[in-house]
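Reader: I'd like to go through this one with you and ask where the labels come from. Can you show me what we're looking at?

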Amino acid sequence: MAAGLYLSLDQDQWFRNNFSSTNPLTGTIYTDINQTSAKDLTGYAITIRMSRPNGPGRFSDFFNKTASIVVAANGTWSYAIAQSELPHRGVYYVTAELTKAGDQESTLNRVEFHILEGPAE
């Protein structure tokens with residue numbers, strides 16, 4: 001079992017124009033590659049990042065938002081996407097960065113996330 005942090009998202013796609021304070025982007029941080037042991041997030045700040053898998057801008061951070069911890073002991077977090085906050089449609093890789101005094105760790109996996117054009121675009 002590989003040691004490190006691993007991200008799981010509850011959603012794999014989102015319409016670009018959708019935003020909601022009551023229906024946030026959500027996920028869990030785990031301490032094992034099989035995603036069975038949740039990371040205790042007590043005392044951490046979580047930054048959600050999105051990058052492109054290839055092409056222009058693939059090394060750029062298109063999101064860089066601070067998520068809220070839902071239940072620290074369960075490793076769960078959420079982020080309420082605001083209007084016009086998501087990048088353009090396409091496939092992005094999502095990673096999470098955890099920080100607290102003396103620590104900075106990033107998830108080892110990248111989760112594929114599809115941003116779709118919405119009906120209003």
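What follows is a chat about the labels used for this predicted model.

Reader: Let's begin with a loop residue. Why is Gly-43 called exposed?

Author: Exposed is the word for over 50% relative accessible area. Gly-43 comes in at 60%, so it gets the label. You'll find Gly-43 in the loop between strand E3 (25-32) and strand E4 (45-51).

Reader: Which residues does Gly-43 touch, leaving aside its neighbours within four places in sequence?

Author: Thr-99 and Lys-100. Contact here takes heavy atoms within 4.5 Å, and Gly-43 is in contact with both of those residues.

Reader: On to E3. What makes you say that E3 is mostly covered?

Author: Seven of the eight residues in E3 are buried, and buried is kept for values under 20%. E3 also has a partner: strand E6 (residues 76-79) pairs with E3 in the antiparallel sense, over four bridges. Look for Thr-28, which stands opposite Thr-76 in E6.

Reader: How do you know that E7 and E9 count as paired?

Author: At least two bridges are needed for a pair. Strand E7 (residues 90-100) and E9 have five, in the antiparallel sense. Gly-90, for instance, stands opposite Ile-115 in E9.

Reader: And what joins E2 to E9?

Author: Three bridges join strand E2 (residues 13-15) to E9, and here the strands run parallel. The bridge partner of Gln-13 in E9 is His-114.

Reader: What makes the side chains along E9 alternate?

Author: It's about which way they point. Val-111, Phe-113 and Ile-115 point to one face of strand E9 (residues 111-116) and are buried.

Reader: Now the charges. Why is the meeting of Glu-97 and Arg-49 called a salt bridge?

Author: The cut-off is 4 Å between a side-chain nitrogen of Lys or Arg and a carboxyl oxygen of Asp or Glu. Glu-97 and Arg-49 meet at 3.3 Å, N to O. Glu-97 lies in strand E7 and Arg-49 in strand E4, so this pair ties together parts that are 48 residues apart in sequence.

Reader: Is Glu-97 buried or exposed?

Author: Buried, because its relative accessible area is 13%. Arg-49 has 23%, so partly exposed is the term for that one.

Reader: How do you know that Glu-85 and Lys-65 form a salt bridge?

Author: Their closest N and O atoms are 3.5 Å apart, and the limit is 4 Å. Glu-85 is buried, at 17%, while Lys-65 is partly exposed, at 24%.

Reader: What about Arg-89 and Glu-117?

Author: Their side chains meet in a salt bridge at 3.8 Å, N to O. Arg-89 sits in the loop between E6 and E7 and Glu-117 in the segment after E9, so the pair ties together parts that are 28 residues apart in sequence. Arg-89 is exposed, because it has 53% relative accessibility, and Glu-117 is partly exposed, at 31%.

Reader: Which residues do salt bridges that share partners join into one network?

Author: Arg-49, Asp-61 and Glu-97. The count of salt bridges comes to four.

Technical notes
Residues are numbered from 1 along each chain as its sequence is written. This is a predicted model: local features need pLDDT of at least 70, side-chain atom pairs count only at pLDDT 80 or more; totals for chains, interfaces and linings use all residues. Side-chain values use heavy atoms; hydrogens and water are left out. Helices (H or I, at least four residues) and strands (E, at least two) are DSSP runs, numbered from the N terminus. Buried means under 20% relative accessible area, exposed over 50%, partly exposed in between (1.4 Å probe, protein chains only).
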